[in-house]
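Open the model in your viewer and keep the selection tool at hand. Each stop below names what to pick and what is there.

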Amino acid sequence: MSTSTVETRRIAYDDSIVRAFLRVTMLWGVVGLGLGVLVASQLSHHQANTGLPFLSFGRLRPLHTNGAIFAFVGNMMFAGIYYSLQRLLKARLFSDVLSRIHFWGWQIIIVCAALTLPFGLTQGKEYAELIWPIDVLVALIWVVFAVNFFGTIAKRNEKNLYVAIWFYIATVLTIPVLYIVNNLCIPTSWVHSYPVFGGVQDALVQWWYGHNAVAFFLTTPILGIMYYFLPKAVGRPVYSYRLSVVHFWSLVFLYIWAGPHHLLNSALPEWAQTLGMIFSLMLWAPSWGGMLNGLLTLRGAWDKLRTDPVIKFYIVGVTFYGMSTFEGPLLSIKSVNGLAHYSDWIIGHVHGGTLGWNTGMAVGMLYWLVPKMWGTALWSVRLANFHFWTSTFGILLYVVAMWINGVNQGLFWRELNADGYLANPDFVEILVSGRFLYAMRLVGGSIFFVGYILMLVNLIATMRAGKVVESSVDVVVSKPLSVGPQRSMVFSTPVMLSLVATLVAIGFGTGDAVTTPLWLGVAGIVTIAWILIGRGGGAAMHGWHSVLEGKSFLFSGLTLAAILVGGIVQIVPSVLTRNDYPKFALNDKGEPTTDPNIYVQAVRTPLEQEGRDIYVSEGCYNCHSQMVRPFRFETLRFGPYSKLEEFIYDHPFQWGSKRTGPDLHRVGDRYQAPWHYAHFLNPRDLAPNSNMPAYAWLKEEKLDLDATGGKLSVLRTLGVPYSDADIAGAKDAVLAQGQKIAADLATQGMELAPDSKLMALIAYMLYLESPEKREARLKAEKQVTAVGGR
């Protein structure tokens, strides 16, 4: 038994930092959405690229995604977390200084992104494009945020952590794990680097990060905001506490496994693809549980939906969350993915989540919070209602257009005639058929953007009409004098579930026919012991989660364990696999052989590597894939399907996730240097209906040949077999190969300097050829390189 003294203390909340994040959220929303309208116009009208390098689609699309995700949603997330955290814990933020460092540091990161991405300074990985010095700054600022966050929890005046804080904890812990692992790299300069992972490993790590960035940056913190702000707006408690518990733990455990569903039907090992698909399907249950928990919170208060724009935006947001989390698992079914992947269906799916779920919750929070922060009523409820209808109409027009166009693209690409050959061999034809729907996407996005501007006007008028309000609360603080016996959490449900799940995962992920049953047997023994010991009456069988909510350190540790299991089981086996796969074997006579001790290495020449860096810099992966899937309709259109071993020297991988243009993994089989030269200068000369931007500036820009050797040296560190002679003679090799291609171009009356960036990009296009053609070419040129086997 314990006794305590009671003390009353006034806590003044730090709302100035909340207002700061609210202001920049409104600002960056204009930038992110405005860039979205611009890049949508570039897909509908190629003239919108303007011919200026920094306004080309490949450079602006990453700026749009980073602006929408990290600038708009990120700042909104921080505002919501800092506001709700203080009130749920009845404590001021841990440090005013850390709060300001966090705020200004995050804005500097966003400005740095805006000053680098349009100029081709990128890592070439979706949602992780920022160059390495900015990545370091992101990690440092996130540490500042985490210290401030957990410091506030440590000084809290409420013992138990409310459900919203559970989701915040998952975000704060998981994002640095994902971000740091995925951005491990070796710099070649202050603005360029190569990732430590390559090929298939890089693909798996990237989409482990990419998928879970959506999960733990765009989903879990927004769910926390839903669990706090929706009940506040409605004036009713969350529908079900138990459903909240199930929603949280199942979501954070399952989500982390689902990344490989972005790589279905690819060169990724089958076990990883299957694991990703299964866990994606399992996500249906917790995701819809959370959606229903949000919607049913309105029980008895549905009348507010007719009059309150805040509730309208929240409900539409939660509804789109349900739609997106239904569609995501559906798209992870391999047969459905075979149709939808690389098509505009995926674009519709992504924007249903970002425009519907994220922006819906953000706008609802802004309409609710700004009047409270400035101590006045919303300037115009009628204007907010008009914004709601324009926003909803714009989303639906956008998403439906992309759904229709995506299904149309998938069916167009895969259609075969009666003889089993492509019924639609001209890839550009699908761009022509989709022009109207691309225009509808542009119209829908523009309407949505106009609605956002109306909200901006409404909120600025609200701020001007009001006056800043500082909030405080009187807190009764109890100081324990003695501590009674504490119930053990060793055999609590979360601890034992995590242990059992880990044992099962190890069994299936790393075991074989002998060891897997042993692991499962151990899991079974642990389960029985848990049941028997738990019946003794501890926290394991009664009120365990209520006890856990009062132990923030243990709660955070279990959350971290839940998210680490999936990453360890999926990524560690892949990363530890040696890069010694067979590579297009030839015997001493230059003929194909099955001898495992003779391989041909597809190592890029210095000029080809420079060309690949330009391909990455220009964001070509935003419109082109480099992954021919093992489907007949793909091999007929693009060439032999892609194999795992072909990518081991690719840092970073460039499989892409969208085909506005055709796959390029075998483009070297189809076109020679003169075709590429003409195509890059003006795509319409060869394909009149193409919407690809021209890259005329690459003809005049020169390569930095003094840096080429250093790049090859870093790649050798990463396992690419460049010799000392290759590195020392890189400059001469670039010029020699460039002069050879220039001579070929000259026969067609085309002039190009051997050290121009366009020359390097053409060389890289020629390098992208099938193994069969590569073997024939190397044999003819007597350049077959034999290397030792395993």
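## First stop: H13 and H16

Select H13 and helix H16 (residues 435-465): their axes come within 11 Å and cross at roughly 10 degrees. The two helices are therefore roughly parallel to each other, since angles under 35 degrees count as roughly parallel. Bear in mind that this is a predicted model.

Now show the side chains at the contact. From H13, pick Asp344, Ile347, Leu355, Thr359, Val363, Leu366, Tyr367, Val370 and Pro371. From H16, pick Tyr438, Arg441, Phe448, Met455, Asn458, Leu459, Thr462 and Met463. Colour the contact of H13 with H16 by class: twelve residues are nonpolar, three polar and two charged.

## Stay on Asp344

Asp344 lies in helix H13 (residues 344-373) and Lys658 in the loop between helix H22 (632-638) and helix H23 (667-670), so the pair ties together parts that are 314 residues apart in sequence. Are Lys658 and Asp344 buried or exposed? Both are buried.

## More salt bridges

How many salt bridges does a search of the whole structure find? The search finds 23.

- Select Glu270 and Lys334. Their side chains meet in a salt bridge at 2.5 Å, N to O. Glu270 is in helix H9 (residues 270-282) and Lys334 in helix H12 (residues 334-340), 64 residues apart, so the pair links distant parts of the chain. Glu270 counts as partly exposed, at 47% relative accessibility.
- Select Asp96 and Arg92. This salt bridge has its closest N and O atoms 2.8 Å apart. Asp96 is partly exposed, with a relative accessible area of 31%. Arg92 is partly exposed too, and its relative accessible area is 25%.
- Select Arg629, Glu634, Arg659 and Asp663 together. A network of salt bridges links these four residues.

## A crossing: H24 and H28

Next, show helix H24 (residues 673-681) with helix H28 (residues 730-746). Their axes come within 9 Å and cross at roughly 85 degrees. H24 and H28 are therefore roughly perpendicular to each other. Which residues meet here? Ala673, Pro674 and Tyr677 in H24 meet Ile741, Asp744 and Leu745 in H28. The contact of H24 with H28 has five nonpolar residues, no polar ones and one charged.

## Inside: Val734

Stay on H28 and select Val734, which lies in this helix. Val734 counts as buried, at 0% relative accessibility. Now bring up its contacts, leaving aside neighbours within four places in sequence. Val734 is in contact with Pro606, Leu607, Leu703, Leu705, Thr708 and Pro754. Draw a distance from Val734 to Pro754: C-alpha to C-alpha they are 7.7 Å apart in space, and 20 residues apart in sequence.

## Zoom out

Finish with the whole protein chain in cartoon view. The chain has 30 helices and four strands. Of its 790 residues, 59% count as buried. Switch to the surface: the accessible area comes to about 30800 Å², of which 66% belongs to carbon and sulfur atoms. Among contacts with a separation of 6 or more, 81% are between residues 24 or more positions apart.

Terms used:
Residues are numbered from 1 along each chain as its sequence is written. This is a predicted model: local features need pLDDT of at least 70, side-chain atom pairs count only at pLDDT 80 or more; totals for chains, interfaces and linings use all residues. Side-chain values use heavy atoms; hydrogens and water are left out. Axes are lines fitted to C-alpha atoms, for helices over the stretch in contact, and angles run from 0 to 180 degrees between N-to-C directions. Angles under 35 degrees count as roughly parallel, over 145 as roughly antiparallel, 65 to 115 as roughly perpendicular and the rest as oblique. Contact means heavy atoms within 4.5 Å. Ala, Val, Leu, Ile, Met, Phe, Trp, Tyr, Cys and Pro count as nonpolar, Asp, Glu, Lys and Arg as charged, and the others, Gly among them, as polar. Buried means under 20% relative accessible area, exposed over 50%, partly exposed in between (1.4 Å probe, protein chains only). Accessible areas come from the Shrake-Rupley method with a 1.4 Å probe; for residues, only the protein chains shown count as cover.
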